[in-house]
Structure formats: C-alpha cells, structure tokens
Amino acid sequence: MPAGGFWGPFVSAGPFALGIILILFVLSVVSWAIFFRKLRQYRQATVQTRGFLNVFGYRRGLKDYQELTKMFPASPLAALLNAAVKEWQVLKEQFGAGVGADVLGQLVPNISEAMERAGSKETDRLESSLSFLAITTMVAPFLGLLGTVQGVLRTFLSLRGAQMPTLQLIAPGISDALVTTVMGLLVAIPAALFYNYFVGRVRALQSEMERFVSEMTGVFRREVIAAQLNNRQEDK
C-alpha cells in the first residue's frame with residue numbers, strides 16, 4: 001500500500017502510535033456494533049409501545065391484559081403490565097379469594113411497587129451498553145492526545161544532536177502526532193452522538209413507563225372500588 005494519501009500516515013505510523021490506533025479501531029468497531037443493536041432495540045420498543053397503548057384502552061380483564069403482554073413483548077410497558085397482573089394474582093392467592101375489598105384497597109401500593117421494580121429492570125435493560133459509548137466518548141480523545149504528545153516528544157528526541165534539522169527527521173513524529181488525534185476524534189465524535197441520541201430515546205420510554213404506572217394504579221383502584229360497591233349491594 002502506498003505511503004501517501006489518506007491512509008499513508010496510518011500505515012507508516014510508529015509502534016506506539018500504531019498501538020493507540022489499534023485500540024481506537026477496536027473502540028470504534030464496538031461502538032458501531034452497539035449503535036446498530038441499540039437502534040434496532042429502541043425502534044422495536046417504540047413501535048410496540050405505540051401499538052400497546054393503542055390496544056390497551058380496549059382491554060378490560062386480567063386475561064386480556066395477559067394476552068396484551070404476549071402481543072407486544074418488546075415494549076417495556078408489557079413487562080410492567082405483566083408484573084402488575086402477577087402481583088395482583090399473588091395477593092389474591094395469598095390472602096384468599098374471599099378477601100375483602102377493603103384489604104385489597106390497602107394492597108394497591110404493592111402493585112405499584114411491583115410495576116416500579118419491573119420498570120427499573122426495563123430501564124437497566126434499555127441502558128445496557130450505553131456506558132461503553134460514554135467511556136469511549138471520554139477516553140478516545142485522551143488516547144489521541146497521548147499519541148500526539150508522544151509524537152511531538154519523538155520529534156524533539158530525533159532532533160537531539162542534529163546540527164541541521166531536516167524534514168526526514170521531523171516528519172515521522174509529526175505524522176504520528178496528527179494521525180492519533182484524527183483517529184481519536186473520528187472515534188469519539190460518533191460515540192458522543194450515539195450516546196446522547198440513545199439517552200434521549202431511553203428518557204422518552206421512561207416517561208411512558210411512569211405514565212403507565214400511574215394509569216394502572218388508577219385502574220386497580222377502580223377495580224377495588226367496584227368490588228366494594230358490589231359487596232355493599234349484596235349485603236343489602
């Protein structure tokens with residue numbers, strides 16, 4: 001491969017600069033792999049969450065809710081709904097089918113807490129691998145700077161004892177200094193864009209989960225009140 005052109009400085013880099021370039025290359029490959037994987041994950045989660053919310057309003061019973069979670073498995077709201085239904089069933093089994101509506105009313109916060117725990121797990125799942133992008137954003141420029149400093153130092157060392165500095169003595173060090181800086185920025189800038197874009201997508205899904213927890217808490221409170229009214233009518 002010719003030493004000139006865009007790839008020339010990369011090919012002719014010294015051992016130290018070449019090591020930094022290889023590390024940055026690995027960081028870049030992993031960052032792009034995370035980008036495509038998370039882009040697909042967030043796209044599925046967003047699309048299925050919209051479908052979930054469109055269908056959710058037409059569902060009324062626990063069986064309908066369980067079917068809904070199977071229809072949209074990639075939506076984080078499905079995990080919250082599944083946790084709420086399971087907690088509701090556990091409470092009814094634990095305290096007996098004939099438990100009073102007043103008792104169930106006091107246990108509604110348990111259902112909200114179950115959904116919050118499920119929401120926390122979903123948030124962890126959505127944010128997985130984002131820390132790597134954040135680390136790459138911070139580390140890549142410093143690695144490039146390290147190569148720059150080493151290249152400048154190499155240049156000055158090559159001039160030691162030279163009575164007449166020549167371009168052949170200066171060029172290798174300067175080339176290493178610049179190429180690592182360029183490589184560091186080429187890795188850090190996309191990683192920063194990916195990280196901030198994905199954080200925004202996670203925040204949007206978190207807002208949907210918070211609104212859904214509030215809505216489901218209201219649904220179970222209405223269920224308890226309806227049970228209380230039925231009990232009073234039966235007593236009469």
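Phe-56 touches Tyr-65, Leu-68, Leu-81, Phe-212, Glu-215 and Met-216, leaving aside residues up to four places away in sequence. A touch, or contact, means heavy atoms within 4.5 Å. The model is predicted: local features need pLDDT of at least 70 and side-chain atom pairs count only at pLDDT 80 or more, while totals for chains, interfaces and linings use all residues. Residues are numbered from 1 along each chain as its sequence is written, and side-chain values use heavy atoms, with hydrogens and water left out.

Phe-56 also belongs to the largest nonpolar core, which has 38 residues. Such a core is a set of buried Ala, Val, Leu, Ile, Met, Phe, Trp, Tyr and Cys residues joined through side-chain atoms within 4.5 Å. Buried means under 20% relative accessible area, with a 1.4 Å probe and protein chains only. The residues with the most contacts inside this core are Phe-52, Phe-56, Leu-81, Phe-198, Phe-212 and Met-216. Two or more residues each come from helix 2 (15-56), helix 3 (62-71), helix 4 (76-95), helix 5 (101-127), helix 6 (130-159) and helix 7 (167-235). Helix 7 gives the largest share, 11 residues. Another core, of eight residues, lies apart from it and includes Leu-24, Ala-140, Leu-143 and Val-187.

The protein has seven helices and zero strands. Helices (H or I, at least four residues) and strands (E, at least two) are DSSP runs, numbered from the N terminus. Of the 236 residues, 38% count as buried.

| Pair | Angle | Axes apart |
|---|---|---|
| Helix 2 and helix 6 | about 160° | 10 Å |
| Helix 2 and helix 4 | about 50° | 8 Å |

Axes are lines fitted to C-alpha atoms, for helices over the stretch in contact, and angles run from 0 to 180 degrees between N-to-C directions. Angles under 35 degrees count as roughly parallel, over 145 as roughly antiparallel, 65 to 115 as roughly perpendicular and the rest as oblique. Helix 2 is therefore roughly antiparallel to helix 6, and oblique to helix 4.

In the contact with helix 4, helix 2 uses Ala-45, Thr-49, Phe-52, Leu-53 and Phe-56, and helix 4 uses Pro-76, Leu-77, Ala-78 and Leu-81. These residues are eight nonpolar, one polar and no charged. The contact of helix 2 with helix 6 has 14 nonpolar, four polar and one charged. Here Ala, Val, Leu, Ile, Met, Phe, Trp, Tyr, Cys and Pro count as nonpolar, Asp, Glu, Lys and Arg as charged, and the others, Gly among them, as polar.

Key: Buried means under 20% relative accessible area, exposed over 50%, partly exposed in between (1.4 Å probe, protein chains only).
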